[in-house]
Amino acid sequence: IRQGLETPLHTGLVLLSIWFFLKERYPAMWFCFALAIISKLDAAAPMLGLAFLAGVKIYGEKKRDLFKELKVFLIFFGAPLVLWVVFSTRVFGGPVPQSAVAKFFFHSHPPDTKSFLYRLKSYQYPVLFFGTLALVHLLILLKNRDFKGVIRHYCFGFAGGLLLLAYCFFNPIEQMMWYYALPEFLLIFQGIVVLLNFSRYFLTRKRYVLGTALVLLAVPFLSVPRVSAGVKGLRAWVFAVETERKEVGRYLHKKSLARDTLFAAHGHIARESGLRTIDYSGINSKFATDYYAKGKKLMDMIKEVQPEWVVLHGLLKEGVAGSEGYVLERSFYRIGLHGWAPWRVYHKRPGESGGSKEDYVPLTSNSLQLEEGHIQENPAHAIFQPSFAVIEAKKITPALEEKVAEQIAKHVNKTKKLVAKLEKKGNDIAAEAVLGKLDN
């Protein structure tokens with residue numbers, strides 16, 4: 001559980017479904033299709049796509065009793081899904097995950113619906129190579145009128161492609177690497193199948209067996225640099241973002257009372273604080289989504305629920321902070337390395353309209369202009385090794401925050417230009433390594 005079983009377990013169910021699909025063991029296939037969809041709603045697109053292909057195959061086989069097959073379909077596919085809908089509606093309020101409802105209807109989305117495909121741009125040359133082989137192989141199969149062969153040989157790519165299309169439709173603002181685990185695996189596996197099927201036409205039996213062994217050994221070996229770079233990048237993200245969220249939660253735990261209420265949107269912050277939490281993201285609770293559905297805003301919710309502590313990206317609106325008595329207690333800036341506004345921790349102090357708590361401001365190679373002068377820093381300290389200055393929280397203004405963000409953006413933009421040059425040359429591993437250094 002510590003390592004995260006969600007993705008491996010879900011991937012295993014999808015692969016088991018495809019295995020039964022290929023073996024034409026339809027009762028087991030329908031049941032696994034249902035289990036995969038229940039496991040994670042993302043699987044609905046590829047499973048329903050494969051279900052359609054299975055239906056076409058069954059309909060085309062004259063020996064099969066269609067009424068009997070329909071009965072098998074309803075028992076092994078329809079019944080489990082109906083039971084799940086009844087159970088989830090009674091226990092959770094509906095079969096659709098609350099996180100999916102919040103992200104699709106109430107969270108922001110990238111303007112380009114194809115943004116999910118851009119992360120796979122580093123595969124452009126393999127796609128071109130394997131795509132050409134696949135096209136030739138498809139033409140051979142179609143020439144021989146082997147339509148079952150088309151379905152059998154390309155079901156992995158079909159399922160992976162449908163999953164990516166579903167993600168493009170869902171189009172969440174966050175595009176974490178675990179979204180891509182299953183479609184990447186299916187598409188890479190499809191590439192292996194294409195290579196093996198295509199080589200069968202041009203190699204003798206002994207050479208084909210040897211070639212198969214070499215391909216199966218080469219794929220994981222060639223994947224090591226890419227996977228290693230991905231792991232390093234993820235570790236840097238965990239250190240810069242997830243660890244800081246825990247630090248925010250621990251700070252709250254030290255400063256708060258057991259009876260206090262927290263207004264936050266991230267699990268690490270809520271868990272480490274140990275406080276009763278109002279989840280304003282709507283991912284874990286319908287409280288926020290029901291509120292947003294009425295056309296109300298985040299600040300309206302703060303005014304209504306009156307939590308003792310508020311944690312969010314960026315500053316509270318001055319009208320809300322002043323009229324409701326919220327004082328800025330502390331800011332956390334490490335998340336700025338990834339382009340997000342700093343964490344702001346506010347404490348409700350009735351009767352107060354300002355704050356005088358100490359706050360930590362990151363310094364870069366340029367000076368920061370404050371009302372009472374300059375804060376200077378050794379030029380050797382850049383965004384990779386930030387130092388910090390302690391100032392009064394009441395001096396943290398939108399103008400100062402914008403100044404800090406501009407200086408961070410300069411370093412980030414320089415790195416992005418370097419990464420773009422490396423990617424243009426096809427050196428994806430070096431590009432990911434540079435990004436890892438920026439995260440650190």
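# Reading salt bridges, burial and patches in a predicted model

Analyst: The structure holds six salt bridges. Keep in mind as we go that this is a predicted model.

User: Okay, what's the general idea behind a salt bridge, and which residue does Arg250 pair with here?

Analyst: Side chains of opposite charge can pair when their charged atoms come close. Here, Arg250 pairs with Glu272, and their closest N and O atoms are 3.4 Å apart. Arg250 sits in helix α10 and Glu272 in helix α11 (residues 267-273), so this bridge ties together parts that are 22 residues apart in sequence.

User: How accessible are the two partners, Arg250 and Glu272?

Analyst: Arg250 is partly exposed, with a relative accessible area of 43%. Glu272 also falls in the partly exposed class, at 22%; the cut-off for buried is under 20%.

User: What about Glu304, which residue does it bridge to?

Analyst: That would be Lys296, with 3.7 Å between the closest N and O atoms. Lys296 is partly exposed at 34% relative accessibility.

User: And which residue does Arg349 meet in a salt bridge?

Analyst: Arg349 meets Glu329, at 2.8 Å from N to O. The two come from distant parts of the chain: Arg349 is in the loop between β5 (343-348) and β6 (358-363), while Glu329 is in strand β4, 20 residues away. Arg349 is partly exposed, at 24%, whereas Glu329 counts as buried because its relative accessibility is 5%.

User: Which residues are joined when salt bridges share partners?

Analyst: Arg250, Arg271 and Glu272 are linked that way into one network.

User: Which residues does Glu244 contact, leaving aside its neighbours within four places in sequence?

Analyst: Glu244 is in contact with Phe239, Phe332, Tyr333, Arg334, Ile335 and Trp343.

User: Now the surface. Which residues form the nonpolar patch?

Analyst: The nonpolar patch is made by Phe31, Leu35, Ile75 and Phe76, with about 320 Å² of accessible area together. Helices α2 and α4 (66-92) each give two or more residues to this patch. Phe76 lies in helix α4 and is partly exposed, at 31%.

User: And which lysines make up the positive patch?

Analyst: Lys403, Lys410, Lys414, Lys417 and Lys421 form the positive patch. Lys403 is in helix α15 (residues 398-424) and partly exposed, with a relative accessible area of 35%.

User: How about backbone angles? Which phi value does Glu24 have?

Analyst: Glu24 has a positive phi of about 60° although it is not a glycine. Glu24 is in the loop between α1 and α2 (26-39). Gln306, another non-glycine, has a positive phi of about 50° and is found in the loop between α13 (298-305) and β3 (309-313).

User: Zooming out, how many helices and strands does the chain have?

Analyst: The chain has 16 helices and nine strands. Of its 440 residues, 40% count as buried. Among contacts with a separation of 6 or more, 65% are between residues 24 or more positions apart. The chain exposes about 25600 Å², and carbon and sulfur atoms supply 63% of that area.

Methods. Residues numbered from 1 in each chain as written. Predicted model: local features only at pLDDT ≥ 70, side-chain atom pairs only at ≥ 80, totals over all residues. Heavy atoms only, no water. Patch = residues over 30% accessible without salt bridge, like charges linked within 9 Å, V, L, I, M, F, W, Y side chains within 5 Å. Areas by Shrake-Rupley, 256 points an atom, 1.4 Å probe, with all protein chains shown as cover. Salt bridge = Lys/Arg side-chain N within 4 Å of Asp/Glu carboxyl O. Lys, Arg positive; Asp, Glu negative; His and termini not counted. Charge placed at Lys NZ, Arg CZ, Asp CG, Glu CD. Helix = DSSP H or I, 4+ residues; strand = E, 2+ residues; numbered from the N terminus. Buried < 20%, exposed > 50% of the residue type's maximum accessible area, 1.4 Å probe, protein only. Contact = heavy atoms within 4.5 Å.
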